[in-house]
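Here's a quick briefing to read alongside the model. Have the sequence and the 3D view open as you go.

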Amino acid sequence: MLLFVLRIIMAKEFRGPGKDVVHKIWQEFRLNEQRVKEAVEALKKWLAMEPHLPEESGTLHEDRLERWLIRCKNSMERTKQSIDLYYTLKSLSPDLMCDWDPRSKRFQDTAQTFCWFPMPKLTPEGDRVIMIKYLKKDAINYTHEDLIKMILISNEARMCEEYCFSDIYVCDLENYTLGHASRIVFTIAKKAEVCLMDALDTRLKAFHIINAPSYADVLVWIFKAVLNPKVISRVYVHGKDLTEFSKQVPRMCLPDDLGGTGGSLQDNWDLWLKKVDSYRDWFLQHENFKSDESKRQGGALNSDDLFGFEGSFKELTVD
């Protein structure tokens with residue numbers, strides 16, 4: 001019992017950063033409390049004037065608008081485009097952007113084979129380390145679509161509390177097999193890139209692939225085919241030797257399993273799953289918040305308008 005308590009103490013629950021970090025980020029993007037309030041009100045008014053976008057309300061909605069603004073570096077136009085795309089994808093790509101029940105069997109099965117979660121401490125620069133790992137070598141219950149959906153659900157929970165400059169992804173391929181590689185679906189990977197990078201406006205500082213086997217080249221090839229060159233330039237592949245990797249990511253932001261001091265990977269994952277589950281009611285309610293393309297000014301959009309013939313994202317034009 002004592003050992004269990006000590007493990008939970010080491011793996012601290014994810015919480016939004018304190019006011020000092022928030023103010024530091026505000027300062028970086030020329031914001032203050034008054035300007036943030038004005039920007040959120042402006043976004044609410046804009047949403048109310050767009051007939052194809054849903055009407056949301058409440059403190060959580062306002063908090064998410066603030067975080068959207070931060071992710072978009074205080075660019076009102078970029079924030080509007082990102083929000084519009086988010087609701088549009090929920091309408092046109094429900095295979096990934098809907099059915100977000102963390103208690104569903106599909107989610108629970110995926111959570112036993114794969115994890116994606118933010119480490120509780122920010123780096124000294126104010127960045128968030130995101131841990132990714134295949135938990136089992138057996139890929140029998142693994143599907144690419146369910147994996148992407150779980151990542152999107154987790155990222156959505158972050159949108160409700162997060163404040164950071166950018167993300168540092170750490171993908172541990174210790175248990176990655178050819179079975180996992182064979183299940184990658186190119187079109188889903190491309191759609192996931194649009195959902196994460198454009199709709200949720202993820203700011204990627206670095207993507208470290210560690211413990212990479214030789215056949216991890218398949219995964220890297222997918223990255224190069226799907227992601228834009230700017231993102232690809234931030235992908236770093238490490239084998240079993242983590243010497244260089246350990247110089248780039250602070251120990252306090254890594255789990256014990258990788259030589260860090262942030263608690264075990266499994267305990268952090270268990271705590272994060274509880275965090276995601278705490279938003280279940282909101283996830284289920286949020287299923288109804290999506291674009292109504294029949295009401296879009298200038299005509300309805302379809303999947304081809306967003307992804308094009310080869311799956312390349314086409315920008316939305318917002319008023």
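Lys44 is partly exposed, with a relative accessible area of 27% (buried means under 20%, exposed over 50%, and partly exposed in between, using a 1.4 Å probe and protein chains only). Bear in mind that this is a predicted model: local features need pLDDT of at least 70, side-chain atom pairs count only at pLDDT 80 or more, and totals for chains, interfaces and linings use all residues. Residues are numbered from 1 along each chain as its sequence is written, and side-chain values use heavy atoms, with hydrogens and water left out.

**The Lys44 pairing and the salt bridge count**

- Lys44 meets Glu62 in a salt bridge, at 2.6 Å from N to O (a salt bridge is a side-chain nitrogen of Lys or Arg within 4 Å of a carboxyl oxygen of Asp or Glu).
- This pair links distant parts of the chain, with Glu62 in helix α4 and Lys44 in helix α3, 18 residues apart (helices are DSSP runs of H or I with at least four residues, strands are runs of E with at least two, and both are numbered from the N terminus).
- Glu62 is partly exposed too, at 28% relative accessible area.
- By this rule, the count comes to 24 salt bridges.
- As a general point, side chains of opposite charge can pair when their charged atoms come close.

**Other salt bridges**

- Asp127 pairs with Lys205, and their closest N and O atoms are 2.7 Å apart.
- That pair also links distant parts of the chain: Asp127 sits in the loop between β1 (114-122) and β2 (128-134), and Lys205 in strand β4 (residues 204-210), 78 residues apart.
- Asp127 is buried at 3% relative accessible area, whereas Lys205 is partly exposed at 39%.
- Glu293 and Arg296 form a salt bridge at 2.7 Å, N to O.
- Glu293 is buried, with a relative accessible area of 9%, and Arg296 also counts as buried at 9%.

**Helix α2**

- In helix α2 (residues 19-28), the buried residues are Val22, Ile25 and Trp26.
- Looking down the axis of α2, its buried residues fall within an arc of 105°, so they line one face of the helix (the arc is that of the directions from the helix axis to the C-beta atoms).
- The buried residues of α2 pack against α3 (33-49) and α4 (59-71) (contact means heavy atoms within 4.5 Å).
- Asp20 and Gln27 are exposed on the other side of α2.
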